[in-house]
Amino acid sequence: MLRYLLRRVAMIVPTFVAVTFLSFLLIHLVPGDPIEARSGQHGIATERLAELRHEYGLDQPLWRQFVQYEQQVASGDLGTSLVTHESVWREFLQFFPATVELSVCALLFAVLIGLPLGVIAAVRRGTVLDYGLIGVSVIGASMPIFWWGLMAILIFSVMLGWTPVSGRISDLYYVEPVTGFMLIDCWFSDDVGACRSAASHLILPAIVLGTIPLAVVARMTRSAMLEVLNEDYIRTARAKGLSGARVVIVHALRNALIPVVTVIGLMVGTLLSGAILTETVFAWPGIGHWMVESVLRRDYPVVQGGLLLIAALVMLVNLGVDLTYGFLNPRIRR
Amino acid sequence: MLQKAITVPTPGALRLFWRSFSGNRGAVLGLAIMLALIVTAVFAGIVAPHAPDEQFRDYFLTPPAWENGGTTRFLLGTDDVGRDILSRLIYGARLSLLIGAAVVGLSLSIGVVLGLIAAFAGGVVDVALMRLMDIVLVFPSLLLAIVIVAILGPGLFNAMLAVAVVMLPSFTRLTRASAMAELSRDYVTATRAAGASTPRLMFDTVLPNCLAPLIVQATLGFASAILDAAALGFLGLGAQPPTPEWGTMLAGALQYYQRAWWVLTFPGLAILFTVLAFNLFGDGLRDALDPKLRR
């Protein structure tokens, strides 16, 4: 196990260097250079341009810039925003908790609803219920979630007035950001109104972001359950006279969970892609919103640094999934 | 082209395929929607009641025909500058199908070539190509597409290019995996022994036998290409405003959708049904082409 772990962890280093190279290269494909591109139609004085280029090291040969960039990244410096003059790292940390909070709630929604639905569909295979569920999950997987988010706002916020339209919490409340997770901070602040406000802001975006994962989880659970329910040991368990519910929940579901857990782990990329759209629709101040804003403002250091951090995040989660899987399934440790 | 590729294996395969495919009601529904869309897109000029960019100055934000204040002249209502939404959706279908076809065509052809090269060359080339694809996969797909568009500049063409790049790894990996499986078969060895050149082996001998999974993946890719291009359009990075692209129409509806639900609802439904049709069709194809699942 230790050798598998070490090898898998060692593999991440060259991949990460390659990822930094790719994000470095992408930014250098910008026509002109980041400074010129940002100066827009008004142009910029030649001396000032040269000065800025020197300041950002853009007058150096490309390979040296890359080496410098690698050194910077290795020392934890991801550059400074051209707009806010804040460090990219600090901005990322500022927006990151909001995305985590949203994504975790979306996943919870997907699993808490998707898992039981998948199990029920598998047990009641071929019934109207099963077909209905398959239909709904295919629709869910095809959903343009930016539109789904807007429709949700239109129906639940504008027409029914149940939830607020956008943001994380009402302006009426101020909560000391201790952890950065609004729900937890509200909990500690003992302010019931703030808690309620934060929760009501969170619920709609979480449902919207959780829709595609819900469809995937329900489908995956159903097919994994169908496979497991055909196994001999399930027949044995039934033959022993165990109750139907016990066989399904204790014997079948436990084994069916392995592929489902893997799929959930590998969904982090999908979730982040979805977060970009969901956060834009709901004006949710997370990293997806931050990246889109930076792209639209042509704030290249932020785009580059953000891209890198998000890629690193996905790599770490994938590593975690692989290691868990290796732990659960000894056959793949070789 | 789809049908031809499927008939290749043995005579009667098409009938076998159809029997299996038509048993799947969802897939047949998907096929029907797809055909309807294609017909609408081809004959957009005849089917659409108005030109997509014609502005009717007396009809700003007219509701759909069945609502109070609606008129049968504009069945699905008009937008903020008095353009007929139905006509724009019909022309948008043309655009979306073109986007899907162009993106999948580009990504598939490059992916197939790269995959075959990786499978045939093996060794360092194989490892290098596959690692590169792994690295592309590390980035969340929409984020990578956004960054690529940010660099190339917003616009429909660049958005299509970005989506094609994002989809490349799936085609490359799939081609490589199926080609590797074929390479160890006797018929490949025999053809090689008969003196066939490597390109001939690649495209003439091996590729036709790898087509089934590629066709399925291409159909599903069509759906995600349309979805991603619409998302880019929605973020203001894809097709630019006067273009009747569905995602761009949604972005334009943002300011007043709270008073005029129809400007938001219909373009989204168009995207949903189109993507759904291709996904249903793709799933049906997979089940029909995969002998393991055939009952």
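# Notes on a predicted two-chain model

1. For the terms, a residue is buried if 20 or more other C-beta atoms lie within 10 Å of its own, exposed if 12 or fewer, and partly exposed in between, with C-beta atoms placed from the backbone. Ala283(A) is in the loop between helix H13 (268–282) and helix H14 (287–296) of chain A. Helices (H or I, at least four residues) and strands (E, at least two) are DSSP runs, numbered from the N terminus. The phi of Ala283(A) is positive, near 50°, in a residue other than glycine. As background, most residues other than glycine have a negative phi.

2. A word on reading the model. It is predicted, so local features need pLDDT of at least 70 and side-chain atom pairs count only at pLDDT 80 or more, while totals for chains, interfaces and linings use all residues. Residues are numbered from 1 along each chain as its sequence is written, and chains are lettered from A and ligands numbered from 1 in the order in which they are written.

3. Now the confidence. The model scores ipTM 0.83 and pTM 0.84. Chain B averages a pLDDT (the predictor's confidence in each residue, from 0 to 100) of 83, and 94% of its residues score at least 70. Within chain B, helix H1 (residues 2–7) has the lowest confidence, at a mean of 52, and helix H5 (residues 85–121) the highest, at 90. Where pLDDT is low, the predicted coordinates should not be read in detail.

4. His85(A) also has a positive phi, about 60°, although it is not a glycine. You will find His85(A) in the loop between helix H5 (62–74) and helix H6 (88–123) of chain A. His85(A) is exposed, with 7 other C-beta atoms within 10 Å.

5. Buried or exposed, what are the residues of H13(A)? Of its 15 residues, 14 are buried, so H13(A) is largely enclosed by the rest of the structure. Its end C-alpha atoms are 20 Å apart, which agrees with the 21 Å that 15 residues should span at 1.5 Å a residue (the expected span is 1.5 Å times one less than the number of residues). H13(A) bends by about 25° at Ala275(A), where the bend is the angle between axes fitted to the seven residues ending there and the seven starting there.

6. Helix H12 (residues 244–265) of chain A has 22 residues and reaches 30 Å from its first C-alpha to its last, close to the expected 32 Å. H12(A) bends by about 50° at Leu253(A). Leu253(A) is one of the buried residues of H12(A), and these also include Val247(A), Ala256(A) and Ile264(A). The cover over them includes H6, H10 and helix H11 (232–239) of chain A.

7. Leu308(A) sits in helix H15 of chain A. It is buried, with 23 other C-beta atoms within 10 Å. Which residues does Leu308(A) contact, leaving aside its neighbours within four places in sequence? They are Val19(A), Thr20(A), Ser23(A) and Leu78(A); a contact here has C-beta atoms, placed from the backbone, within 7 Å.

8. The contact between the chains takes 34 residues from chain A and 31 residues from chain B. On the chain A side, the elements that give two or more residues include helix H2 (12–28), helix H7 (128–141), H13, H14 and helix H15 (300–328). By class, this side has 29 nonpolar, five polar and no charged residues. Here Ala, Val, Leu, Ile, Met, Phe, Trp, Tyr, Cys and Pro count as nonpolar, Asp, Glu, Lys and Arg as charged, and the others, Gly among them, as polar.

9. The largest nonpolar core has 167 residues, and Leu143(B), Ala145(B), Ile146(B), Val147(B), Val163(B) and Ile226(B) touch the most other members. Its largest share, 18 residues, comes from helix H10 (residues 192–229) of chain A. Such a core is a set of buried Ala, Val, Leu, Ile, Met, Phe, Trp, Tyr and Cys residues joined through C-beta atoms within 7 Å. Not counting residues up to four places away in sequence, Ala145(B) touches Ala162(B), Val163(B), Val166(B), Asp228(B) and Leu232(B).

10. Finally, chain B as a whole: it has 13 helices and zero strands. Of its 295 residues, 46% count as buried. The C-alpha trace of chain B spans about 75 × 45 × 30 Å along its principal axes. Among contacts in chain B between residues at least 6 apart in sequence, 67% join residues at least 24 apart.

Definitions and conventions:
Contact = placed C-beta atoms within 7 Å.
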